[in-house]
Every structure is written in structure tokens, then in C-alpha cells.
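Please look at the model before reading on.

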Amino acid sequence: MSPRPEAVAGIAIDARSVCVALLSAEGDGQALHAIEVRELPKPLFEAPPTAVDEASLAEALQGASAALSGKFAAVRVVLPDTVIRSAVLDLDDLPKTEEMRGALLRWRFAKEWQRPEDALECRGAELGEDRGKKVYFGQAADRQWLDSVKRALATAAIVPWSLNAAAVSRFNCFHDDMVTGAGGALLALDAACWNLQVWDAQGRVRRVLTRLRVAGAAEYESIANAVERAILGYVHEAGGRAVDSLYLNGGEDEVAGLAAVFKGRLRESAIWLRPDAKVAGSLAGMRTGLAPLALAAALGG
Amino acid sequence: MKIATNFVRPAQRAVPAIAAAMAAVAVALIVWAAWLANDAAGLRGELPQLRTRLAHVEAQKPVSAVRLPPASELGEVRARVARINAAAQTKGLPTLALLDDLEKQLPRDAWLTSVHHRATQGEVVLVAAARRADPLSDFLLKLEDDPLFEEVMLVREAQAGEGAAVQYEIRLKVRT
């Protein structure tokens, strides 16, 4: 049992900015109290972190989290899916100990990421069994950046309750809206990357795909093609699989553009999930930039 | 199925344990404080009785001033003590140590017939005897080499008759 905080806050950090969304309890739900955005002087995550990067991040966090000062708030922090990567493994047998599972994840992500194993910090979660295979959700974070972000949070006097990838935050936030007993997919657009998560009828994440964004006139078409291929690949990999709905999340303008692309390809329209619809109150900028992700973090962890 | 991974150790999980520990410490401190208060109350209750006893004891205590003898008498006593100390003062080694040393130096076939230790003068007069003169000569030489003695002197050599024991009377000056 944990003590009940008086407020919840979501902090989204991407390469160029930091956004803090503060919610406070109102009746049975949550009310939007503040959204603060701070731009960073130099992009993060493109090279190994420096003391200057860390100091500028700490300063941005301090400035954006002024509304948190003096409050006992549950703070949930999200990092881009390019900094914390996720994958779902179908294993014949699950390694017995946490240590062995960690070693497996490090080996797996080191190969994918082309990084030394000790440069990664991994987490995993069992998702049960499917057709005799153990389904294991794994994540790996760039250790250097993870440590740097933690230090910056400490410098800004922020004690996070959780720190995770944007994909996990979104999935948990919209879980009750999306997971309705049928398979589905969530496509999320961030400034630097897009992320697709596909789940099965039991509500277990079965595919996670993250790709860097390539700016261009036909970017949304290109994303739609890749998403279509990934979903078809998942559905046809084994019998009995289906993806009934496609959900979209991201900044208002981008989601509208993507929805238009998918309109001609799907029987039913893609569903735009808006975290601001889950809270009372309205603030300028709550549907653009990093704000939807910060809100999702605050709501979902 | 929500995903429950986390890249930080959630601080909030430790809060109940810390709160429980602090509550336990607080309860222990309260119990201790209550015990101390109770103890203090008991001691405070005994205070009037102890004060009464103290006053009673002080009232009964005899007032007696120690009378010293007059200064002339004290001076005489001091002088006597100094004389006795001077008389009792030995020069050099005590008798027990002297006998111990003589026992070590004395050859197997010789013996002591008398020892006179004038401790205040640091002088020893002894008579050693043996069947023949050789052991006594050895004894004399050993005493001359003995660092305890400053001076070794053969005072007299005697033999009562044919076949009787030879006797050496030796005077020693103890090194101070």
C-alpha cells in the first residue's frame, strides 16, 4: 500500500523539449492543472550525454516543474522510444532467474542496437503463454542517457515514481479504452519517431515497432505502408489472430493527417485517442507537441 | 494487460515501511518517556523524606575540632623522626640481597661461619671456612670481582690445628 499523492504529474522528455503536465484530483477524476513546456538549447540523445546536456536538461526540468514545488505528487517520466526500446519475445522456455532474463535481454538488444551489452539497462515482464510459447516483454535503455536523465531529475529535486518509454506510457494510459477483448493496434507519432504496438485478444502486447521519422511529402503514406505490413505480418504469422481496430495518438495536426491516410485503407476509421479527453479542464497547447505524451504519462504511468 | 516495467526504483514503495519504522520508534520513545516520568515522580515523592533524614543526621553530628600540639613540640617530633630515618638508612644493598649474593659466590666446599652486616656503614665482616685454603682463595677472588663490593680485604687467616678447617675473616665495603 502506498500513500495517496495529492497530485499526479507526467513529464515527457524528447530530444528538443521537456513538457510537464500536472493533474489534481477532482471528484472521481482528474483535472488538468498546468502544462509547462521548456525548449532545450541543444538536442539530446544524438550523442553520448555531456555535463552540459545534463545541466541544460536539469534547468529545463526545474523551470517546467515549478507548479510541482511543495506538492506531494506522483511523477511519471517518459523518454522517447528511441532511448528506451521495447520488444516482445516468444520463447520456448523462460530463463529461470531475473539475472538470466536480464542477460538474455541484454544480448538480444545489444545485437539489435549494435551496442555493447554493458551499455544497456534492461527490464522485462512476463505476459503469459501463447501456443506453447512464453511471451516475454523486454525493454532496453541506453544506460548513459538513463543515468544522465536520473541525475538531472535529482538536480531538479524531482523524485519519479516511474520512468519508462513513451510506448508503455501510452499503452497503459489508453489500456481500458483500447483493450476490449479483440486484437488492436496503436500507432503513436512523436517528433523523432513513430511507434506501433499490436496486442492480442487477451490484451497482451505482441508486437512493438519503432522507426525514426523521415521528413518528406509522403511521410504519412510511408508510415501507413510500414504499419500495414507490420499488422499483416503479425496477423498471418499464426492462425486466429486479428487486429480489429487501429488507434492513433500524437499531436493534433499529425494525427489528423495520418487519419486521412488510413481512411482509404481501413473498413473503419482509425480512432484518435486523446488523453485530454480523460481529464476535466482545458489549457492552451494541451493537444500539440509533447503535451499529449506528458498527459498520457500522468494518466497511465 | 498493462505493462508494469519501470526503470527507477519506486520511492513510494519504501514509504509504508519507513512510516511503520518511524511509528514503532515513536511508540518506543513515548513508552520510554512515560517510564522516565513515572520514575521521576517516584523519586520526587522520596525527596521530603530524604531531606528530613539528612537534617536529622546533620543535627546529630558532633562538632569536634582537631587540636594540634604546639609548634615547638611538633618541631621536636620532626627532628626525632629525621634522626630515626637517618639511623635506619642502609648504605647499599639490604642484608637479604647480600646473603643471596654470598651464596652464589661461595664455592661448594666452603661455608660461612659468621656474617656481620653493618648496614648503616655499608660494611660486611664475614668468616668463611673450608677444609683447605684453595676454595677460600677462590671465594676471595670472586668477591674481588663482584661489582657489589667496592673493597675486599682479608683481615685474618687462621687454622685451629693440624687437620682443622682453615678460616678466612674478610671485610667487604659495599659499593654505594
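Which exposed residues does the face of helix 4 of chain B turned away from its buried side carry? Before the reply, please keep in mind that the model shown here is predicted. The face in question carries B:Leu141, B:Glu144 and B:Asp145, which are exposed.

**Helix 4 of chain B**

Helix 4 of chain B runs over residues 134-145, and its 12 residues reach 17 Å from the first C-alpha to the last, close to the 16 Å expected at 1.5 Å a residue. Its buried residues are B:Pro135, B:Leu136, B:Phe139 and B:Leu143. An α-helix has 3.6 residues a turn, so residues three or four places apart point the same way. The partners of the buried residues of helix 4 are other elements of chain B, namely helix 3 (95-105), strand 1 (110-118), strand 2 (123-130), strand 3 (149-159) and strand 4 (166-174).

In chain B as a whole, the secondary structure comes to 4 helices and 4 strands, and along the sequence the pattern reads α-α-α-β-β-α-β-β. Chain B has 176 residues, and buried residues make up 12% of them. If one takes the contacts in chain B between residues at least 6 apart in sequence, 60% of these contacts join residues at least 24 apart.

**Chain A and its helix 3**

Chain A has 7 helices and 13 strands, and of its 301 residues, 46% count as buried. For chain A, among contacts between residues at least 6 apart in sequence, 66% join residues at least 24 apart.

**Two residues with positive phi**

Just after helix 3 of chain A comes A:Ala157, with a positive phi of about 60°, and this residue lies in the loop between helix 3 and strand 8 of chain A. A:Ala157 counts as exposed, because it has 12 C-beta neighbours inside 10 Å. A:Phe45 is not a glycine, yet it has a positive phi of about 70°; its place is the loop between strand 3 (29-39) and helix 1 of chain A. A:Phe45 is buried, with 20 other C-beta atoms within 10 Å.

**Helix pairs in chain A**

Two packed helices are described by the angle between their axes and the distance between the axes.

| Helix pair | Angle | Axis distance |
|---|---|---|
| Helix 5 (residues 219-237) and helix 6 (residues 252-263) of chain A | roughly 60° | within 9 Å |
| Helix 4 and helix 7 (residues 291-300) of chain A | about 60° | 8 Å |

Helix 5 and helix 6 of chain A are therefore oblique to each other, and helix 5 passes helix 6 in a right-handed crossing. Here A:Tyr220, A:Glu221, A:Ile223 and A:Ala224 in helix 5 of chain A meet A:Gly257, A:Leu258, A:Val261 and A:Phe262 in helix 6 of chain A.

Helix 4 and helix 7 of chain A are therefore also oblique to each other, but helix 4 passes helix 7 in a left-handed crossing. Among the residues of helix 4 of chain A that take part in this meeting are A:Ala166, A:Ser169 and A:Arg170, while helix 7 of chain A contributes residues including A:Leu293 and A:Ala296.

**Where the chains touch**

Between the chains, 27 residues of chain A are in contact with 14 residues of chain B. On the side of chain A that touches chain B, at least two residues each are supplied by strand 6 (120-130), strand 7 (133-142), helix 3 (143-155), strand 8 (160-165) and helix 4 (166-178) of chain A. The largest share of that side, 5 residues, comes from strand 8 of chain A.

Methods: Residues are numbered from 1 along each chain as its sequence is written. Chains are lettered from A and ligands numbered from 1 in the order in which they are written. This is a predicted model: local features need pLDDT of at least 70, side-chain atom pairs count only at pLDDT 80 or more; totals for chains, interfaces and linings use all residues. The expected span of a helix is 1.5 Å times one less than its number of residues. Two residues are in contact if their C-beta atoms, placed from the backbone, lie within 7 Å. Axes are lines fitted to C-alpha atoms, for helices over the stretch in contact, and angles run from 0 to 180 degrees between N-to-C directions. Angles under 35 degrees count as roughly parallel, over 145 as roughly antiparallel, 65 to 115 as roughly perpendicular and the rest as oblique. A crossing is left-handed if the near helix is turned anticlockwise from the far one by less than a right angle, and right-handed if clockwise.
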